[in-house]
Amino acid sequence: MRLSVPFAGRFRLLGRLDLFLERFPGYFRAKYETDLSRESIVVVTLDSLRFDVAQQAETPNIRKLFQASAADGWIKVGSHGTYTLPSHISMFHAGIFPCDNRPDIPPPYNREKEKLFKAQLAWERTTGARFPTPAAPNIVRGFERLGYRTVGVGGVHWFNDSFITSDLWKKQYFREFHWQEDFSETCNRAFENQINRIKELRLHREKRPVFFFLNVAATHTPYMGFGKSLTGQKKALEYVDSLVPELLDVLPGRFLMLLLSDHGECFGEDGLWGHSFYHPSIMEVPFACLEYQKNRWLSERGRP
Ligand SMILES: [Zn+2]
């Protein structure tokens with residue numbers, strides 16, 4: 001008896017075979033002709049940080065980091081969420097980071113020109129991203145399938161992995177996830193505590209490529225007690241900046257860093273305070289994408 005498979009059926013079978021084979025890194029790299037999938041990626045979200053605060057604060061270490069990485073500095077882009085959860089879901093589920101697609105905005109901030117990441121979607125499997133990932137529940141799991149060590153360190157309470165509405169990062173995204181109360185906005189030493197935990201993770205000694213995420217709560221209200229104002233958030237960011245060298249010391253020696261805010265904040269504009277609602281001060285956020293190399297950073301850091 002001759003087995004007959006209709007054309008459409010054959011196409012579906014090939015698609016399923018392709019999905020299966022994509023689980024094997026060798027097949028994946030050959031298919032997408034990529035060798036970039038060995039580069040570590042570090043995503044740092046400075047929670048609630050406004051664009052104007054990022055620009056105006058005295059942040060000499062971040063400035064030197066930009067110089068050492070030939071980065072353009074802060075670019076103003078549009079967030080995909082008015083508060084922490086939707087903004088981070090957009091980034092880590094679909095790979096859709098804040099962007100501005102107007103023609104004068106350069107890649108990768110302009111997603112029409114370049115996508116850093118893109119999940120394979122049911123209606124659009126092709127990725128066309130700088131970092132293609134195989135079919136997976138989300139891009140973090142996709143990097144895991146490529147052999148990455150995936151690690152997250154939460155800050156604000158949306159990352160409390162002991163509570164059922166915020167344990168998704170540990171259960172569905174990162175293989176290793178760390179959160180504790182003194183990483184959050186309730187603790188004035190949260191950023192130092194996070195750096196101490198990261199040091200214990202020994203990422204700087206890791207042989208595998210790393211997909212690492214850090215949410216910094218210091219810039220979230222109450223701004224380490226500096227006051228609910230632009231000045232208060234500026235001082236909180238300046239504190240974060242003072243510890244940037246310590247953070248870089250405990251990260252891998254080379255990586256692509258995405259430094260950005262998940263959403264902004266209102267300080268009385270149009271009578272509004274805080275976030276979780278629409279306002280340009282909330283939707284417009286700072287974003288910097290930079291190629292970090294330890295030796296370049298150390299030489300820039302040593303300059304007066
Ligand atoms: Zn947030």
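Visitor: Why is M257 called buried in this model?

Guide: The model is predicted. M257 has 21 other C-beta atoms within 10 Å, and a residue counts as buried at 20 or more, so M257 is buried.

Visitor: Where does M257 lie, and which residues is M257 in contact with, leaving aside its neighbours within four places in sequence?

Guide: M257 belongs to strand β6, which covers residues 254-260. With those neighbours set aside, its contacts are V42, V44, L290 and Y292.

Visitor: What makes these pairs contacts?

Guide: The criterion is C-beta atoms within 7 Å. M257 meets it with V42, V44, L290 and Y292.

Visitor: Which residues have the most contacts inside the largest nonpolar core?

Guide: They are V42, V44, V216, A218, L237 and M257, in a core of 74 residues. Strand β5, residues 210-216, gives the largest share of this core, 6 residues. In soluble globular proteins, nonpolar side chains tend to be buried together.

Visitor: How many residues of the protein chain are there, and what percentage count as buried?

Guide: The protein chain has 304 residues, and 41% of them count as buried.

Visitor: How many helices and strands does the protein chain have, and why is the chain called as compact as a globular protein of that length?

Guide: There are 12 helices and 9 strands. Along its principal axes, the C-alpha trace spans about 80 × 45 × 45 Å.

Definitions and conventions:
Residues numbered from 1 in each chain as written. Predicted model: local features only at pLDDT ≥ 70, side-chain atom pairs only at ≥ 80, totals over all residues. Core = buried A, V, L, I, M, F, W, Y, C linked by C-beta atoms within 7 Å. Buried ≥ 20, exposed ≤ 12 C-beta atoms within 10 Å, placed from the backbone. Helix = DSSP H or I, 4+ residues; strand = E, 2+ residues; numbered from the N terminus. Contact = placed C-beta atoms within 7 Å.
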